[in-house]
Amino acid sequence: MSSILVIDDDASIRETLDLYLVEEGYTVNTAQNGTEGLNKYVSNPADVVILDIRLPDVDGFSVLEDLKEENENVKVIMITAYHDMETTINAMKGGAFDYIHKPVNVDELDMAIKKALKSLEMEKKIEGLLTEPSRNFRVGDIIGTGNEMREIFKTIGVVSQSRTTVLIQGESGTGKELIAKVIHHNTSPDEPFIAVNCSAIVETLLESELFGHEKGSFTGAIARKLGKFELARYGTVFLDEVSEMSLNLQAKLLRVLQELEFERVGGKDKVKVSSRIMAATNKDLKTLVKEGKFRDDLFYRLNIVAINIPPLRTRRQDMPHLIDYLLAKINLDLHKKVIGVSDEIMDIFMNYNWPGNIRELENLLVRACVVAKGQVLGKSDFPELGGDEAANIMKGVLVNPDEMAEIFKPSESGKLLTLDEVEERYIRKVIRETDKNKGEICEVLSISRPTFERKLEKYGITFEKE
Ligand SMILES: Nc1ncnc2c1ncn2[C@@H]1O[C@H](COP(=O)(O)OP(=O)(O)OP(=O)(O)O)[C@@H](O)[C@H]1O
Ligand SMILES: [Mg+2]
């Protein structure tokens, strides 16, 4: 029977969890502060410890540390009332197994416990694969409050304890490079972070950028040049837009990742790879693999740990936090004192679909701050929202004229589209790009609800957002 120790100063939480977990078939022990918890753990080690971060005597992180000291395989699930990423990453870095928020959701807790026990079981089978204990680290600022972002923070915490290859996927401007830098910072802060944009450079140049070249290896190679892999030392090579790499170079990169050594262009000496590799792309690599444009073996090499960043339009709850955060950053840069945006602007922002994601938001705010007269950014500070039409595009009521062309693009056969085809494409586009619910979409399309339902059925579109 698996055992669980609950350390929480809140008697009602202790009792509720005790009742629930005993019911679930676990042996349960409880403690009301850190010292008592540690003593109980030492005299009777549990498989899983559920640990409150805020305790009356010592804070949860130091209890976590002591527990890990006692048994580095202990599975600790932290409970906290805080919502920011720093606590999440700290907890995970400190070796917590998982992290849940108050008020405790039993399903979430249940899942975390099951995962912890499963992992314990695996570890018993595969001994010796445990990662190094954590070191101190500094985090960058990544704003994100929803579940998806929270999972990402956990992953960042976990991958920061090792040098695993990480593939970061997300639309443009979602923060791929930012996340790569935070991971790098947490893992090897004193070593270089070297970004290589795989799309910006022609193939032969990219090869010598990555691996370096020997003097005289080609016209213009007047001296030996070290490649990014060498320059990065024990730091990180960040392969940005990795999908754009030619198949030929993909093969070379794969070999390097497999053998962990390479030769400089025109050279014979073997050079060891000691840096960590991270890669990013705004394309779906799996699709490119299916289309034969990206090597599947390279994809698997890069995709050891995947981080998929959700687009901004699917996490609108972050909007106010992002605006606060970005304005603070911009104020510092521009010596401004802008404190927020008007309700009207917030409303428009909350409804816009943000194809350029956080970068687009940041650029818009920078431009507005430059011209802003007051402390609150209003409509007059956003000239791009000048006319009603522009504002409507922002609201997703109208589709951007450039994007309209796509809707009318002739079908594969080159034949002009029928009215139905145009209608279907337009409906799909509005659904896809505006993130609105059924009622709102009816408003945008100016049709009644039954008409909308009929059209969905006619075109076989599944759309459930009430
Ligand atoms: N979650 C976030 N919190 C705060 N700032 C963010 C966040 N995500 C992105 N940013 C900011 O948005 C800008 C764009 O981020 P970044 O360059 O990392 O995106 P990207 O995904 O690499 O974009 P691209 O695909 O265009 O290269 C940066 O200034 C970054 O600091
Ligand atoms: Mg980028």
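# Burial, salt bridges and surface patches

In this predicted model, buried residues make up 45% of the 466 residues in the protein.

Reader: How many helices and strands does the protein have?
Author: The model is predicted, and its elements are runs of secondary structure numbered from the N terminus. The secondary structure comes to 20 helices and 16 strands.

Reader: What share of the contacts with a separation of 6 or more comes from residues 24 or more positions apart?
Author: A contact here means heavy atoms within 4.5 Å. Among contacts in the protein with a separation of 6 or more, residues 24 or more positions apart account for 69%.

Reader: Is Glu-207 buried or exposed?
Author: Glu-207 sits in helix H8, which spans residues 203–211. Its relative accessible area is 17%, and the cut-off for burial is under 20%. Glu-207 is therefore buried.

Reader: Which residue partners Glu-207 in a salt bridge?
Author: Leaving aside neighbours within four places in sequence, Glu-207 is in contact with Gly-212, Leu-249, Lys-252 and Val-265. A salt bridge needs a side-chain nitrogen of Lys or Arg within 4 Å of a carboxyl oxygen of Asp or Glu. The N to O distance for this pair is 3.1 Å, and the partner of Glu-207 is Lys-252.

Reader: How many residues apart in sequence are the parts that Glu-207 and Lys-252 tie together?
Author: Lys-252 is partly exposed, with a relative accessible area of 25%. Glu-207 lies in helix H8 and Lys-252 in helix H10 (residues 247–259), so the parts they tie together are apart in sequence by 45 residues.

Reader: Which residue follows H8?
Author: The buried residues of H8 include Leu-210 and Phe-211. The residue after the helix has a positive phi, near 80 degrees, and is Gly-212.

Reader: Which parts of the structure do Lys-154 and Asp-98 tie together?
Author: The side chains of Lys-154 and Asp-98 meet in a salt bridge, at 2.5 Å from N to O. Lys-154 lies in residues 147–159 and Asp-98 in residues 98–101, so the pair ties together parts 56 residues apart in sequence, namely helix H6 and strand S5.

Reader: Where does Arg-313 lie, and which residue does its side chain meet in a salt bridge?
Author: Arg-313 lies in the loop between strand S14 (305–308) and H13. Arg-313 is buried, with a relative accessible area of 16%. Its salt bridge has an N to O distance of 2.6 Å, and the partner is Glu-171.

Reader: Is Gln-169 buried or exposed?
Author: Gln-169 is found in strand S6, residues 166–169. Not counting residues up to four places away in sequence, Gln-169 touches several residues, including Lys-176, Thr-281 and Ile-307. With a relative accessible area of 12%, Gln-169 is buried.

Reader: What is the relative accessible area of Glu-69?
Author: Glu-65, Asp-66, Glu-69 and Glu-70 gather in a patch of negative charge on the surface. Glu-69 has its place in helix H3, residues 60–70. Glu-69 is exposed, and its relative accessible area is 71%.

Reader: What accessible area do Leu-334, Val-370 and Val-371 have together?
Author: Leu-334 is found in helix H13, residues 319–334. At 33% relative accessibility, Leu-334 counts as partly exposed. The three residues form a nonpolar patch on the surface, and their accessible area together is about 220 Å².

Technical notes: Residues numbered from 1 in each chain as written. Chains lettered and ligands numbered in written order. Predicted model: local features only at pLDDT ≥ 70, side-chain atom pairs only at ≥ 80, totals over all residues. Heavy atoms only, no water. Patch = residues over 30% accessible without salt bridge, like charges linked within 9 Å, V, L, I, M, F, W, Y side chains within 5 Å. Areas by Shrake-Rupley, 256 points an atom, 1.4 Å probe, with all protein chains shown as cover. Lys, Arg positive; Asp, Glu negative; His and termini not counted. Charge placed at Lys NZ, Arg CZ, Asp CG, Glu CD. Helix = DSSP H or I, 4+ residues; strand = E, 2+ residues; numbered from the N terminus. Buried < 20%, exposed > 50% of the residue type's maximum accessible area, 1.4 Å probe, protein only.
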